[in-house]
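Welcome to my notebook. I wrote these entries while looking things up, one topic at a time.

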Amino acid sequence: MTKALNVKTLNIGSDFNFDPSGRFYTDGDGSGEEFREDVLKPKLKELAKGEKLTIVLDDGIEGFGSSFLVEGFAGAVKHGYIKSSDLLSALEFEYSNPDFKFYEERIISYIKDAKYDSQKYVPSK
Amino acid sequence: MLTAIVGGLVGGITGAFSAFVFNFIHWKIVEKNKSLSSLCKLSTSFITELENHCLNYWLSENNREQKRLELEIVSMCSVVRSLVIELNAKSGAKKARSELQSLENFTIQIFDTATGGSFESSNRSVDNARAAKISKLCTNAKMIILRLAH
């Protein structure tokens with residue numbers, strides 16, 4: 001019997017912040033840097049080989065700015081935590097509002113465009 | 001005699017039916033054009049509103065209005081995206097395909113530009129170059145919609 005792949009879930013609203021906004025810690029609560037460092041990075045580390053992380057985008061969230069999305073997702077590649085191809089294969093996106101497909105596509109595009117380990121991470125706080 | 005009457009009747013019915021079909025198609029086209037034209041007007045007006053919010057935001061320092069403008073910019077980007085999807089569905093003309101593709105690209109570029117950089121940052125400063133780019137993108141989009149409307 002094949003063991004089913006375990007899928008972990010990260011709900012941006014309930015597990016992080018219902019008002020995700022800004023790029024850096026210094027921009028206030030719910031920034032992209034805070035999301036990446038305090039939530040996404042640890043969740044990615046917990047993943048076993050072949051496991052996926054499902055990101056729930058629209059639960060209690062009205063929308064995102066690109067500053068948050070770039071820093072939160074593409075930042076993980078830029079600071080050398082994970083290669084873009086590995087990040088793309090580790091992530092899955094879930095939403096019930098079809099308008100959020102746009103955000104999924106933007107996240108994928110930002111991750112693809114990010115250069116691996118191109119910038120040393122210096123915390124903003 | 002009977003043949004002439006039947007022939008006349010058939011001719012009359014055929015003529016009336018043709019006139020009905022012609023009218024029906026004509027008014028369908030008129031309605032479609034009217035609805036496309038009003039959708040174009042609505043899209044132009046929302047793009048202008050989005051442009052105004054963006055310029056107010058990027059051409060001024062942080063102020064009390066900042067949070068309100070940030071929320072409006074994100075939601076207006078979303079409304080403009082929905083309108084472009086509807087325009088795409090309604091116009092459907094093959095000749096307008098490249099124009100519609102340009103409008104789809106606009107929705108991506110305006111989102112990346114208007115909500116990028118130091119958007120939602122407490123240390124945000126005036127960004128003239130970004131404001132100019134936003135204005136140019138919006139003007140180009142309105143020109144494309146104008147062409148679609150005619």
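**Ground rules**

I am working with a predicted model, where local features need pLDDT of at least 70, side-chain atom pairs count only at pLDDT 80 or more, and totals for chains, interfaces and linings use all residues. Residues are numbered from 1 along each chain as its sequence is written, chains are lettered from A and ligands numbered from 1 in the order in which they are written, and side-chain values use heavy atoms, with hydrogens and water left out.

**Chain B**

I looked up the helices and strands, which are DSSP runs numbered from the N terminus (helices H or I, at least four residues; strands E, at least two). Chain B has four helices and zero strands, and its elements run α-α-α-α from the N terminus on. I then checked burial, where buried means under 20% relative accessible area, exposed over 50% and partly exposed in between (1.4 Å probe, protein chains only). Of the 150 residues in chain B, 33% are buried. For contacts I use heavy atoms within 4.5 Å. Among the chain B contacts between residues at least 6 apart in sequence, 79% join residues at least 24 apart.

B:H53 is buried, with a relative accessible area of 12%. Beyond its neighbours within four places in sequence, B:H53 contacts B:L69, B:E72, B:I73 and B:M76.

**The core**

Next I looked for a nonpolar core, that is, a set of buried Ala, Val, Leu, Ile, Met, Phe, Trp, Tyr and Cys residues joined through side-chain atoms within 4.5 Å. The largest one has 64 residues, and A:I55, A:F73 and A:L91 have the most contacts inside it. Helix α2 (residues 66–91) of chain B gives the most to this core, with nine residues. I noted as background that nonpolar side chains tend to be buried together in soluble globular proteins.

What is A:F73 in contact with, leaving aside its neighbours within four places in sequence? I found A:I12, A:F35, A:L40, A:I55, A:L87, A:L91, A:F93, A:I107 and A:I111.

**The pocket**

I wanted the pocket rule first: on a 1 Å grid over the protein atoms alone, where a 1.4 Å probe fits, a pocket is an open set of points with protein on both sides within 12 Å along at least five of seven lines, and lining residues have an atom within 4 Å of a point. The largest pocket has a volume of about 340 Å³, a volume being the space filled by probe spheres set on the points. Its lining has 16 residues, and A:F102, A:E105, B:R81, B:I85 and B:T107 lie nearest its centre. Both chains take part: α5 (101–113) of chain A and α2 and α3 (97–114) of chain B each supply at least two lining residues. By class, I read off five nonpolar, five polar and six charged residues.

**Where the chains meet**

The contact takes 17 residues from chain B and 17 residues from chain A. The buried area, meaning the accessible area (1.4 Å probe) that two parts lose on being put together, summed over both, is about 1300 Å² here, with carbon and sulfur atoms giving 42%. B:R81, B:F111 and B:E120 supply 38% of the area that chain B buries against chain A, more than any other three residues.

B:E120 sits in the loop between α3 and α4 (128–149) of chain B. B:E120 has a positive phi of about 65° although it is not a glycine, and it is buried, with a relative accessible area of 10%.

Is A:D117 buried or partly exposed? A:D117 is partly exposed because its relative accessible area is 49%. I found A:D117 in the segment after α5 of chain A, with a positive phi of about 55° although it is not a glycine.

A:S31 lies in the loop between α1 (12–16) and α2 of chain A. A:S31 is buried, with a relative accessible area of 0%. A:S31 and A:F68 are 37 residues apart in sequence and 6.2 Å apart in space, C-alpha to C-alpha.

A:G75 belongs to helix α3 (residues 66–78) of chain A and is buried, at 1% relative accessible area. Not counting residues up to four places away in sequence, A:G75 touches A:R36 and A:V70.

Definitions and conventions: Ala, Val, Leu, Ile, Met, Phe, Trp, Tyr, Cys and Pro count as nonpolar, Asp, Glu, Lys and Arg as charged, and the others, Gly among them, as polar.
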